[in-house]
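Opening the notebook on a new model today. I want to go through the chains, their contact and a few residues, and jot down what turns up.

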Amino acid sequence: MTLTMHSSLLLMLFILVYPLSTTLSPSQQNSNMAKMTKVAVSSAFFVSLLPLMVFLNMKTEGIITNWQWMNTQTFDINVSFKFDHYSLIFVPIALYVTWSILEFALWYMHSDPNIDRFFKYLLTFLVAMIILVTANNMFQLFIGWEGVGIMSFMLIGWWYGRTDANTAALQAVIYNRVGDIGLIMTMAWLATNLNSWEIQQIFALSKNFNMTVPLMGLTLAATGKSAQFGLHPWLPSAMEGPTPVSALLHSSTMVVAGIFLLIRLHPLMENNKLALTACLCLGALTSLFTAACALTQNDIKKIVAFSTSSQLGLMMVTIGLNQPQLAFLHICTHAFFKAMLFLCSGSIIHSLNNEQDIRKMGGLFNMMPTTSTCFTIGSLALTGTPFLAGFFSKDAIIEALNTSYLNAWALTLTLIATSFTAVYSFRLVYFVLMGAPRFPPLTPINENNPLVINSIKRLAWGSIIAGLIITQNFLTTKTPVMTMPTTLKMAALAVTITGLLVATEMANVASKQVKITPMTSTHHFSNMLGFFPTTTHRLLPKLNLTLGQSAATQLDKTWLETIGPKGLALTQTTMSKTTNDITRGMIKTYLTIFILTLILATAPALL
Amino acid sequence: MLKVLIPTMMLFPTIWLTSPKWLWTTTTAHSLLIASASLTWLKWTSEAGWAFSNMYLATDPLSTPLLVLTCWLLPLMILASQNHINPEPVGRQRSYITLLALLQTFLIMAFGATEIIMFYIMFEATLIPTLIIITRWGNQAERLNAGTYFLFYTLAGSLPLLVALLLLQQSTGTLSMLVLQYSQPLQLSSWGHMAWWAGCLVAFLVKMPLYGVHLWLPKAHVEAPVAGSMVLAAVLLKLGGYGMMRMMVTLDPLSKELAYPFIILALWGIIMTGSICLRQTDLKSLIAYSSVSHMGLVAGGVLIQTPWGFSGAIILMIAHGLASSALFCLANTAYERTHSRTMMLARGLQMIFPLTAVWWLAANLANLALPPLPNLMGELMIITTLFNWSPWTILLTGLGALITASYSLYMFLMSQRGPTPNHIMGLQPFHTREHLLMTLHLIPIILLMTKPELMWGWCY
């Protein structure tokens, strides 16, 4: 059984890598890379189901170490894969979601001349994420970590003729690099103190150490990658990329990598109160802040992006609650409906001639029934409607949160953020699907393409039943609190419904102008993303670039030059000029000096 | 040793006796043969740490990677120079290649030397061909100034080294690298001894270059022709790092305290030169400053004097040698087409040269240390060592990594991405030669990833 499991997992990896290797084939003109990629991913998905079944049946987990990569005296780095319940469950989900996204991208990007390259990038992105998830070694994990980072750079900057796309891509890399500092620090700490980067060895050795420093590094790393508060602005900017990229970035790769890192290394964390509290507060703050930002955005993709950010905050809160498996559950269910929401937005954007502003949509449920239905399902799942995918994870998280006796402030923020989820989801549905159309009459609305329908439908099934399936088969090791007062039990639903009611009332009010001069400062705060990018994106680069400029012109070109070569040359030329002035053939002066010197020299002898 | 050295010397008759038609082909082939012969050094059979060929020349795990890099680079330099030297009279072409071959000869002898004094002589001897390459074949009048800077900075640093070496010879009776590490630790305490300590290192720190004495480097890089920039970045700077590693062994008791200011200066230099890179408009100058920044990390790793520090330094030296040389080649290909080094004027080249954009991307990713490229292994090891020395250094090194990523991608975005300006018309397509050149740069980087022990240095 173990053999079946491991060989099929490796087979899956090889299937995924095969389309990438066709890059080396000389006949590129008639290659069919895009379709092949889709087929590869779907077959990899089916192959990966086999180990999943084995795991579900027999609880087989394993670590395979293939090759000693490098060795520095006493420090080994191996190529080693970890197939435990996290990676065994996550990989099929990632493949399933990516399969749909790729199918959708075949339609969405069909007119792009570089569609093959686009698919190659997407596939590399996915492979990097799988490396990250299956890594049993910090170095290998770091390869996947940076791999998804750099691939997101390439994909966000896909339309590289546009400055916005380029800056967004650069922003993603720079914010991620800030997080990388944390990861590098953790790796340095582990190497110096534990002398190992193998994950199981780290767990075994770390018992006697105070892990606060490396855990802070990990938290910083997760903050960068998973766009937690402080390092979040790259996530909405990343919407500059094509929609399939956003779908992949937000569902199963990249942004969940940070959370996944914390889940993977959670045993280091579980006894460290400081790190847990940091995660809890950070997550709560992120969740609320980004949910508040989502409330007033008008770009359909930005709203969905902010909702991801808010959900990532919720996952971080769950880590702070010491419930990594619930966070993992939320990653899994979130992947389905978030990918679907993005694909639906993509379908809508494409149909409305690249219009992304929700104020110019409306009434789409008549014209795009499938997309609208799935969009609604996705929004409902996101808000945690009972028995859709989101419910199983979200409700469990909120229950765990309500029954814990942790920081009440963080818990309140999270609850408010949960109610905001209903508000912005309703706003999205209200503006996009309901009401009367507000778009130009001649728009090429056509969703009747099997590539669109099938991919979205597949994810819709996932959004409906995935939660049930996963929770039936994957039990959290921590026993959840089963008994609680009805108010606490219903809290998640209650805040969501409250949010929904408030939102409908607000929508009602918004259509009539109640106040002549509305108070807009809160709206501006939310709409301008809390003025966060406007300030930090100006101040910090300005500081650094001014430093660079003054280092170049004032230090290098002025001080160092003057003290060094130029100053030296100056002293030498002054001296040589002075001595040069004397030698001008004035024979009388020379003779006078000569005689004077002679007298001075001989006088003592004569006297 | 001689099976590489003698063929290298036989390059001179090859250069002067082949017919002009076959000049470039023959020399490239010949030097490539030398390079492949040099790969045999990597097969490590000796148990003693040194593999001798005679009393004066030997290789050990520290010098071997640098020697192979030196040999590998000559064919690449010849390939890269082909386009801009070809229009010149054949005699000048021959003398140009002669200079490059001469430089390789000196470098092989410098890295292969077992006597520090011979290393010193060869270290100085490399100045002559490099100076001629810069001042004779540079493109602008400013090259003379660059040559002066290059020569005087290096000489001012290395003359004290000569005195210091003679003193060392007097007190230990030998300057052989083989026995020096076994000699009695010196009793060093007075100010004179500290001056001696500084004298032993300053030459190399200038060559590296350390921040503060780096002014010669951007000038030399910007003004030199492509082969000059390549060899400067790839090998000549590494003479500094190599020399430091060799000398550190004898300087032991004093370095513990005296190295502090230099480590701090090196780390501070990473930030400063990185920030300068962010403001560069000149492509070659940007790459040159990025070399200073990377070498700061190398200097930090060496001065820390731990096995990981040394290993990281040598890995980073090799990896950076290949990556920065590749970047200089790419900058030159852009320069030969647009006749400008200003990045602003040649944007959006990905549209015109898609395959070249791949080379740019790969070279830049190597420069910003993407795992698992050897650049990352080196940086990670050095950062770990420094972190072990003082956890606060992570602020400087981490910020340095952030800035490195920023300017590398800034360079990539500026040159390859964005809209193509209208004045860019009728660019010559890329030659296969240029693609080959880039491939030959990147293949070693990628292959070293699979067996990094080859350049682990003493840790292997």
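My entries follow, starting with ground rules and confidence.

**Ground rules.** I am working with a predicted model, where local features need pLDDT of at least 70 and side-chain atom pairs count only at pLDDT 80 or more, while totals for chains, interfaces and linings use all residues. Residues are numbered from 1 along each chain as its sequence is written, chains are lettered from A and ligands numbered from 1 in the order in which they are written, and side-chain values use heavy atoms, with hydrogens and water left out.

**Confidence.** I looked up the complex scores first: the predictor gives an ipTM of 0.93 and a pTM of 0.93.

**Chain A overall.** I find 25 helices and two strands in chain A. These are DSSP runs, H or I of at least four residues for helices and E of at least two for strands, numbered from the N terminus. The C-alpha trace of chain A spans about 125 × 70 × 60 Å along its principal axes. Chain A has 607 residues, and 58% of them count as buried; buried means under 20% relative accessible area, exposed over 50%, partly exposed in between, with a 1.4 Å probe and protein chains only. I also checked contacts (heavy atoms within 4.5 Å): in chain A, among those between residues at least 6 apart in sequence, 81% join residues at least 24 apart.

**UniProt spans.** An unreviewed UniProt entry puts "domain: NADH dehydrogenase subunit 5 C-terminal" at residues 424–602 of chain A. I get 73% helix and 0% strand for residues 424–602 of chain A, with the end C-alpha atoms 107 Å apart. For chain B, UniProt (unreviewed entry) lists "domain: NADH:quinone oxidoreductase/Mrp antiporter transmembrane" at residues 113–403. Residues 113–403 of chain B are 79% helix and 0% strand, and their end C-alpha atoms lie 37 Å apart.

**Ser379(A).** I picked this residue in helix 17 of chain A, residues 369–383. Is Ser379(A) buried or exposed? It counts as buried because its relative accessibility is 5%. Beyond its neighbours within four places in sequence, Ser379(A) is in contact with Leu341(A), Ser425(A) and Val429(A).

**Domains of chain B.** The bounds, from an automatic or database domain assignment, are 1–42 + 52–162 + 197–249 for domain 1 of chain B and 260–459 for domain 2 of chain B. Their C-alpha centres lie 20 Å apart. I see 44 residues of domain 1 of chain B in contact with 46 residues of domain 2 of chain B. Between them the two domains bury about 4000 Å², 77% of it on carbon and sulfur atoms; buried area is the accessible area (1.4 Å probe) that two parts lose on being put together, summed over both.

**Chain A against chain B.** How many residues does each chain bring to the contact? Chain B gives 53 and chain A gives 48. The buried area between chain B and chain A is about 4500 Å², with carbon and sulfur atoms giving 72%. Arg279(B), Leu380(B) and Arg417(B) supply 13% of what chain B buries against chain A, more than any other three residues.

Cys281(A) is in none, with the nearest cysteine sulfur, on Cys279(A), 9.6 Å away. Cys277(B) is in none either, and the nearest cysteine sulfur, on Cys329(B), is 18 Å away. Cys277(B) has 0% relative accessibility, so I log it as buried.

Definitions and conventions. UniProt positions are given in the numbering used here, feature names are shortened, and annotations may be inferred rather than shown by experiment. A disulfide is a pair of cysteine sulfur atoms within 2.5 Å.
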